[in-house]
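Hello,

Here is the structure I said I would pass on. Please look through it first, then read the notes below.

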Amino acid sequence: MPKSICRIVVWALSPLSIPLIAMFITDEVQWSVFDFLIMGGILISFASIGNYIYTTYKDQKRTWLLYVLALVFLLLWIELAVGIFNSPIAGN
């Protein structure tokens, strides 16, 4: 596995340590293995797409594409967490 891919995976999955540690500290955080797999897949996917955008495009177009990618990520994350759009994938 090339270094860049390995680095992307490590950086993308590092935020998952927060709910993992929180599960040991408090009973209010209850993630299943499925939750970790879904969020890990989303993080790796969006990190890979972001890396592609960053290396392919230049200047203002790159900036706007990364903003759009961040917005799509946040909307998907919020939908999975609380279901603001009432879709079938809503998390509530």
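**Surface and overall build**

The accessible surface of the protein is about 7,100 Å², and carbon and sulfur atoms account for 70% of that. Please keep in mind that this is a predicted model.

As for the fold, the protein has 4 helices and 0 strands. Read from the N terminus, the order of the elements is α-α-α-α. The C-alpha trace spans about 45 × 35 × 20 Å along its principal axes.

The protein has 92 residues, and 20% of them are buried. If you take the contacts with a separation of 6 or more, 33% are between residues 24 or more positions apart.

Next, the charges. There are 5 positive and 5 negative side chains in the protein. The centres of these two sets lie 27 Å apart.

The last item is a patch on the surface. Which residues form the nonpolar patch? They are Leu-71, Leu-74, Leu-75, Trp-77, Ile-78, Val-82, Ile-84 and Phe-85, and together they have about 740 Å² of accessible area.

Leu-75 is one of these patch residues, and it lies in helix α4, which covers residues 59-82. Is Leu-75 buried, exposed or partly exposed? Its relative accessible area is 34%, so Leu-75 counts as partly exposed. A patch residue needs over 30% relative accessible area, and Leu-75, at 34%, therefore passes that cut-off.

Regards

Notes: Residues are numbered from 1 along each chain as its sequence is written. This is a predicted model: local features need pLDDT of at least 70, side-chain atom pairs count only at pLDDT 80 or more; totals for chains, interfaces and linings use all residues. Side-chain values use heavy atoms; hydrogens and water are left out. Patches are made of residues with over 30% relative accessible area and no salt bridge: like charges are joined within 9 Å, nonpolar side chains (Val, Leu, Ile, Met, Phe, Trp, Tyr) within 5 Å. Accessible areas come from the Shrake-Rupley method with a 1.4 Å probe; for residues, only the protein chains shown count as cover. A salt bridge is a side-chain nitrogen of Lys or Arg within 4 Å of a carboxyl oxygen of Asp or Glu. Helices (H or I, at least four residues) and strands (E, at least two) are DSSP runs, numbered from the N terminus. Buried means under 20% relative accessible area, exposed over 50%, partly exposed in between (1.4 Å probe, protein chains only). Contact means heavy atoms within 4.5 Å. Lys and Arg count as positive and Asp and Glu as negative; His and the chain ends are not counted. The place of a charge is taken as NZ of Lys, CZ of Arg, CG of Asp or CD of Glu.
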